[in-house]
Structures are given as structure tokens and as C-alpha cells.
Amino acid sequence: MFKKLLFTLTFLGVTSVLSAQISFNDATSGLNDSTLKSGVAIGVSDMNNDGLDDVIRLSNASDLVIEFQQGDGSFVKLNVGNLGSGSEWALTIADVDENGFNDVISGGAYNNLKLALANSTGTAYAISTLSTPNIFLQNANFADINNDGDIDFFGCHDDGISSPYSGDGTGSFTYDLSLINTASTVPSDNSGNYGSIWMDYDNDGDQDLYISKCRLGVSNTGDGRRRNLLFQNDGNNNFTDVAAAAGLLPLAQSWAANFEDIDNDGDLDAFIINHDILSELYVNNGNGTFTDITAAAGLVADLTSLGLGIQVMMEDFDNDGFVDIFLTGRSGVHHLLLNNGNSTFTAATTAFPVGTVGIQSAAVGDLNNDGFIDIMAGHATGFNSPSSSNSDQLFINNTNANNWSEIIIRGVDSNINGIGARIELLGAWGLQIREVRAG
């Protein structure tokens with residue numbers, strides 16, 4: 001039922017599994033530009049439809065650069081151009097005009113939402129600005145919100161209600177609150193929207209939305225500006241906030257969330273980054289509710305040492321069939337937590353080369369086409385300013401003998417990138433699921 005192209009999914013394909021300590025090699029020198037400093041939003045996606053993941057970065061948080069992976073492991077750089085004044089805080093990637101080449105929307109603090117639209121050969125991009133409202137973009141997503149086959153845009157707005165835009169399949173977007181109105185359940189000015197993710201948490205085949213809420217200086221845990229929102233889709237594009245009933249309402253200053261299946265039981269579990277309380281891992285009970293298993297999973301010490309978390313990425317880094325957790329943080333700390341296969345996790349303390357600077361932002365993908373997930377890492381000053389001294393780094397997974405399978409999604413009747421599609425793989429390891437997302 002879903003559609004077309006672009007995201008590669010790597011997961012176990014056999015019943016024989018090797019457990020091994022994971023490690024990464026610093027392969028930054030293999031990039032075309034090994035000195036670039038982004039420190040903020042980074043993307044990994046196949047931009048030119050050649051089956052290889054590419055790197056999308058923002059030099060000095062403002063100049064869009066794409067490095068195309070080549071078959072020999074090298075990269076070729078395309079300088080797309082400057083996106084305007086101020087820093088870009090978020091970006092998202094998809095083929096919004098359906099010409100076979102991926103496009104980018106990015107934005108920051110009231111410096112407009114910019115669309116970089118690829119030409120018919122993917123060799124140049126035209127940069128334009130989306131129509132009002134001008135927002136403080138904290139996070140960005142592409143999703144087919146109304147399931148009409150065209151890719152829509154969702155802009156997570158720090159200072160007010162978030163902005164949905166309806167796409168028409170030609171690269172044009174129209175601000176359209178009828179797609180979804182994400183007003184807080186407890187009335188407020190609807191500010192505090194820090195992170196957003198579209199996924200199908202209740203396994204009913206449609207896209208739901210989770211918003212992580214944070215409003216600095218607001219101490220009342222009942223304030224609508226810091227109560228996370230889980231919008232359940234009824235299948236007819238009607239969205240209802242069920243965060244409290246689902247048990248995904250930590251009443252914290254939450255920065256980000258991710259949903260993946262950590263226990264191979266066929267439903268999506270959740271990890272939420274919080275700043276004023278410990279970050280949390282929740283298991284999906286299979287009935288629309290979640291249970292906090294942070295302590296039982298053995299994560300308290302690692303999450304305490306993380307400090308102020310920034311991003312959470314959930315991937316099977318060692319290809320053992322179970323999803324791991326990679327956390328980045330502001331205080332020079334990052335953690336790779338390996339899934340032990342029993343809903344507990346162990347920190348991979350020697351995964352990165354000795355002397356690796358704390359990773360603050362990152363994107364993941366297969367950047368040498370060997371079936372193992374790699375990390376494109378950035379460093380920053382404060383929360384969003386690019387580091388003045390530390391360039392971005394490419395960490396290549398040193399692999400092991402475990403197997404993998406790569407699947408490229410191609411849409412027919414739904415959106416061209418297959419955003420929202422789900423792959424299921426049943427075997428002795430359980431039921432593995434992967435979803436295609438953009439944001």
C-alpha cells in the first residue's frame with residue numbers, strides 16, 4: 001500500500017547470530033570535505049537514487065552541502081548554496097516533486113522555511129521559501145499526513161502551534177491546519193514543541209504523531225507547554241491526544257523521542273530524552289499503553305552520566321537482530337547502548353576511537369554500503385552553534401560476521417519515498433519491524 005524509494009533498512013537475515021563488541025573507525029578523511037563544521041542538523045539519505053546513502057550537512061549551520069557516496073567508498077561534494085540569514089536548526093529529506101531526486105526543507109529561529117528542490121538530474125537545487133507563517137523550527141518531518149499519496153511537511157514550532165503543510169506532489173506546499181491541529185490538551189499558548197516523530201505505535205496501519213514538549217522556565221508539570229502529546233490517528237485523519245492514557249506523559253522537560261521495537265514482539269517501544277528528570281525507556285504493552293522499564297533495562301547509570309541529552313537514534317548497530325540505542329548529549333558525552341536481547345542494555349565503552357570528542361548531533365546510515373550502520377557526527381558549542389574547533393566526523397562501523405538484508409522501498413499508489421511503510425521479518429529472533437521515516 002505504500003510507495004517508492006530511498007531509505008535502506010538493515011537487519012538480521014539468518015538465525016545464526018554472533019555477539020561481538022562493536023567498534024567504529026574514524027573515516028573522516030574519506031569525506032570530500034573533512035573540515036566542514038555543522039554541529040547542528042545532519043542528514044543521511046540516498047539523494048540521487050543510486051542505492052547508496054549520501055551525507056547532507058549545513059556548513060556553519062547555513063550552507064547546504066551534499067556529499068554523494070561513490071561505489072569506491074569516496075564522496076563527491078555538491079555545494080547547494082546558502083539558505084539565508086541565521087542558523088538552520090532542523091532539516092528533513094524526501095522527493096517532494098517526484099522527479100527521482102530527494103529534496104530538503106530546513107529552517108531555524110524565524111528565518112523562514114526553505115525548500116531546496118532538486119532539478120531533473122539531481123545536479124543542482126533551486127532554493128525557495130515556504131509561505132507564512134514564519135516559525136521557530138525546532139524539528140522537521142515529511143509524512144503523508146492525509147494519506148493522499150503526496151508528501152506533506154510538518155514543522156515543529158517552539159513558540160506556538162506547529163505548522164502542517166499540504167504537499168501536492170509537484171514541490172508546492174500550502175499551510176493547512178486541517179491536516180492536523182496539534183493544540184495542547186491542557187490549554188496554553190501551544191509553545192514548547194521541541195521534537196516530533198511520525199510512526200504507527202498502535203499497529204493499525206496509519207501514521208500517529210508524538211511531540212516532545214519543553215518550555216524552559218516553566219516549573220509547573222501540569223502546564224500545557226511541557227506536557228508531551230501523542231496524537232492517535234483513527235484512520236480517517238482524525239487525531240486525538242492519548243499521551244496520558246498511553247502512559248507516555250513523563251511531565252518533564254522533554255527534548256526528543258524515538259520509537260523502535262527493542263524486544264522483537266512486533267510493536268514499537270519508545271525512548272524519551274528528558275532534561276529535568278532522567279530520560280526514559282518505555283516498552284509497548286501491545287494494548288495501546290506503555291510501561292517505563294528504564295531501571296529494569298539497566299540504564300540508570302548511563303542516562304545519569306549523559307547529562308543533557310540532545311538526540312536518540314535507535315538502530316541495530318551490530319546486526320544481532322536487536323535494536324540498540326545511540327544517545328548524543330550537550331555536555332561532551334555520548335553513549336552507544338547495546339541491546340542484550342532481553343530488554344536490557346550494556347554500554348559499548350570502547351566503540352569509538354580513543355580521544356573522540358563528545359558527539360552532540362548525528363545522523364545514521366550505511367555510508368560504505370557494507371550492510372552495517374555508520375554514524376555521521378557533529379560537534380557544537382552550547383545547544384546549536386557549530387563548534388569552532390571540531391569538524392564533523394564520519395565513523396564507519398567495523399562490522400562482524402552477522403548477516404544483513406537491504407530493502408529499497410518504491411511507492412506505487414502512496415507517497416514516492418514510501419514514508420510510513422513498514423517491513424516485517426519473522427524468524428527465530430522474533431518479529432523484527434522497521435518503518436520508513438523522514439525527519
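# Reading a predicted model, feature by feature

Analyst: K114 sits in strand β9, which covers residues 114–118. Keep in mind that this is a predicted model.

User: Is K114 buried or exposed?

Analyst: Relative accessibility decides. The cut-off for buried is under 20%. K114 has 4% relative accessibility, so K114 counts as buried.

User: How far apart are the C-alpha atoms of K114 and L91?

Analyst: They are separated by 9.4 Å. Along the chain, K114 and L91 are 23 residues apart.

User: Now strands. How do I read pairing?

Analyst: Begin with the general idea. Strands in a sheet pair through backbone hydrogen bonds, in a parallel or an antiparallel way. Now the case here. Strand β15 (residues 193–199) and β16 run antiparallel and are joined by six bridges. Within that pairing, M199 has D208 of β16 as its bridge partner.

User: How many bridges does β16 make with strand β17?

Analyst: Three, again in the antiparallel sense; β17 covers residues 229–233.

User: What lies in the loop between β15 and β16?

Analyst: N203 is in that loop. Check its backbone angle: phi is positive, about 55°, although N203 is not a glycine. Its relative accessibility is 37%, so N203 counts as partly exposed.

User: Where is N369, and what is its phi?

Analyst: N369 is in the loop between β27 (361–365) and β28 (374–378). Its phi is positive, about 55°, and N369 is not a glycine. With 36% relative accessibility, N369 counts as partly exposed.

User: Which residues does a cis peptide bond join?

Analyst: T132 and P133. Look at omega: the value is about 5°. P133 belongs to the loop between β10 (125–129) and β11.

User: In what order do the four strands of the open sheet stand?

Analyst: The order is β11-β12-β13-β14, with antiparallel pairing. β11 (137–143) and β14 (173–175) are at the edges. Each has a single partner strand, so one side of each is left without a neighbour in the sheet. On average, neighbouring strands of this sheet are turned by 25° against each other, direction ignored.

User: How many bridges join β12 to β13?

Analyst: Three bridges link β12 (residues 152–157) with β13 (residues 163–167). The two strands run antiparallel.

User: What do β33 and β34 form?

Analyst: They form a hairpin, with two residues between the strands. β33 spans residues 422–427 and β34 spans residues 430–435. The pairing is antiparallel over six bridges. G427 stands opposite G430 in β34.

User: Next, the core. How many residues does the largest nonpolar core have?

Analyst: First the general idea. In soluble globular proteins, nonpolar side chains tend to be buried together. Here the largest nonpolar core has 23 residues. Those with the most contacts inside it are F271, L281, L299, I325, L327 and F345. Elements giving two or more residues are β19 (254–260), β20 (269–274), β21 (280–284), α2 (300–306), β23 (309–315) and β24 (324–329). The largest share, three residues, comes from β23.

User: Last, pockets. What volume does the second largest pocket have?

Analyst: About 210 Å³. Then read its lining. Among the lining residues are D302, H334, H335, L336, F352 and P353. The stretch A347, A348, T349, T350 and A351 also takes part, as does T356.

User: Which strand gives the most to that lining?

Analyst: Strand β25 (residues 334–339), with three residues.

User: How does the lining divide by class?

Analyst: The second largest pocket has six nonpolar, five polar and one charged residues in its lining.

Note on methods
Residues are numbered from 1 along each chain as its sequence is written. This is a predicted model: local features need pLDDT of at least 70, side-chain atom pairs count only at pLDDT 80 or more; totals for chains, interfaces and linings use all residues. Side-chain values use heavy atoms; hydrogens and water are left out. On a 1 Å grid over the protein atoms alone, a cavity is a set of points where a 1.4 Å probe fits but cannot get out, and a pocket is an open set with protein on both sides within 12 Å along at least five of seven lines; lining residues have an atom within 4 Å of a point. Grid points are joined across faces, edges and corners, and a volume is the space filled by probe spheres set on the points. Ala, Val, Leu, Ile, Met, Phe, Trp, Tyr, Cys and Pro count as nonpolar, Asp, Glu, Lys and Arg as charged, and the others, Gly among them, as polar. Two strands pair if DSSP finds at least two bridges between them. Axes are lines fitted to C-alpha atoms, for helices over the stretch in contact, and angles run from 0 to 180 degrees between N-to-C directions. A nonpolar core is a set of buried Ala, Val, Leu, Ile, Met, Phe, Trp, Tyr and Cys residues joined through side-chain atoms within 4.5 Å. Buried means under 20% relative accessible area, exposed over 50%, partly exposed in between (1.4 Å probe, protein chains only).
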